[in-house]
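Thanks for coming. I will go through one model today, starting with a pocket and then moving to a few side chains.

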Amino acid sequence: HKVIMSADWQLRGERTPADYLQTADFFAEAGAYASSVSEPVYAFTLGDETWDICWGDHNFGLPEFREFAKPFPVPLYTIIGNHDHNPAATNDFTAAAIYRKVLGPTNYSLNIGDVHYIVMDDVAYTPSTRATVEQFTEDQLEWLRADLSHVSKVTPIVFCAHVPLHKWTWSGTEWKAAERGVNYSKALEMLKEYEMVHIFKGHSHFNEFFDVRE
C-alpha cells in the first residue's frame, strides 16, 4: 500500500488561496495519485486539522472539518494537534473532548497490510493560555508498551504524532539532537527494539528528514 502524510492543514473556514482553495488542490492531487498507482492508498493528517482561535471567530471547528474532509479521495486517519484542542475547556482532557467525539480516539493503532501504525497525542494543552507542553504521560507509555507487546520485532512500525520528538541545538561545531518533550526518550527506547521504525510528525511547518541510527 501507499501512504500520503500531510500536516497542519489549520483550516480557518475561509475561501482563500491559503485555506479552502489550497486544500482543494491537495484533494485533487491526492485523488490523482491514488488513481495512478495499483496499490491501495491511505492518508494521515499529523495534527492541527483546525485552528482553535477560529472555532469561535469563524465558526469553523472539528465538526466543520469532518464535513469538509468527507470528499477526501482515500481513507483519512486524523491526529490531534495543539490547535485541535478546545480553548474554552478547563484542562487538557476536556480540551480534547470535542476531538474524541467528532474524530475518534487520540491514541490508537491499526494494521495496514504488514505494517503496524501507532498514533499518539503528544500535546498537553492549557486552555486558559493556549500553552502547549509536549509530553507522553505515564499512562500513555503503559498503553504503548501494551500495544507493542502484540507486535513482532520484525514488523515495520510507523509512529505518528503531532510534535517532533527531537529539538536540535548548536554546540558551536555541530547540531545535536536533544529530547524535546517529557518522556519522549522513554517512547523512543520502546521503539528501538524494532527492526524498522519510521516516525512522522507535523507542527514545525517545514520539511525535515533525519536518519537516526545507533
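How much space lies in the second largest pocket? About 240 Å³. Bear in mind throughout that this is a predicted model.

The lining of that pocket comes to 14 residues, and those closest to the centre are D92, T106, N107, D121 and Q140. Three elements each supply at least two lining residues: α4, which is 92–95, β6, which is 123–126, and α6, which is 138–148. Sorted by class, the lining has 5 charged, 5 polar and 4 nonpolar residues.

Where is H85 found? H85 is in the loop between β3, residues 76–77, and α4. Its relative accessibility is 0%, and the cut-off for buried is under 20%, so H85 counts as buried.

For the backbone oxygen of N82, the distance to a polar atom of the H85 side chain is 3.5 Å.

N82 comes up again with another histidine, H162. The side chains of N82 and H162 make a polar contact at 2.9 Å. H162 sits in the loop between β8 and β9, the latter being 166–170. Is H162 buried or exposed? Buried, with a relative accessible area of 0%.

Next, T45. This residue lies in the loop between β2, 41–44, and α2, 54–57. T45 is at 0% relative accessibility and therefore counts as buried. Which residues does T45 touch, once those up to four places away in sequence are set aside? They are S6, A7, D8, W9, L76, Y77, T78 and I79. With I79 there is a polar approach as well: a polar atom of the T45 side chain is 3.2 Å from the backbone nitrogen of I79. T45 and K201 are 156 residues apart along the chain, yet their C-alpha atoms are separated by 9.4 Å.

Last topic, the aromatics. How many aromatic pairs does a search of the whole structure find? The search finds 13. I will take two of them.

In the pair of F26 and F72, the ring centres are 5.6 Å apart and the planes are at 45°, so this pair is tilted. F26 belongs to helix α1, residues 20–36, while F72 is in the loop between α3, 62–69, and β3; the two are 46 residues apart, and the pair links distant parts of the chain. F72 is buried, at 7% relative accessible area.

The other pair is F136 with F159. Here the ring centres are 6.1 Å apart and the planes are at 80°, so the pair is edge-to-face. F136 counts as buried at 0% relative accessibility, and F159 is buried with a relative accessible area of 0%.

Finally, ring pairs link a cluster made up of W9, Y20, F26, F27, F60, F65, F68 and F72. W9 in that cluster is also one of the residues that T45 touches.

How values were computed
Residues numbered from 1 in each chain as written. Predicted model: local features only at pLDDT ≥ 70, side-chain atom pairs only at ≥ 80, totals over all residues. Heavy atoms only, no water. 1 Å grid on protein atoms, 1.4 Å probe; cavity = no way out; pocket = protein on both sides within 12 Å on 5 of 7 lines; lining within 4 Å. Points joined across faces, edges and corners; volume = space filled by probe spheres on them. Helix = DSSP H or I, 4+ residues; strand = E, 2+ residues; numbered from the N terminus. Nonpolar A, V, L, I, M, F, W, Y, C, P; charged D, E, K, R; others polar. Buried < 20%, exposed > 50% of the residue type's maximum accessible area, 1.4 Å probe, protein only. Polar contact = N/O pair within 3.5 Å; in protein donor to acceptor, adjacent residues only side chain to side chain. Phe/Tyr/Trp six-rings, centres within 6.5 Å; stacked < 30°, edge-to-face > 60°. Contact = heavy atoms within 4.5 Å.
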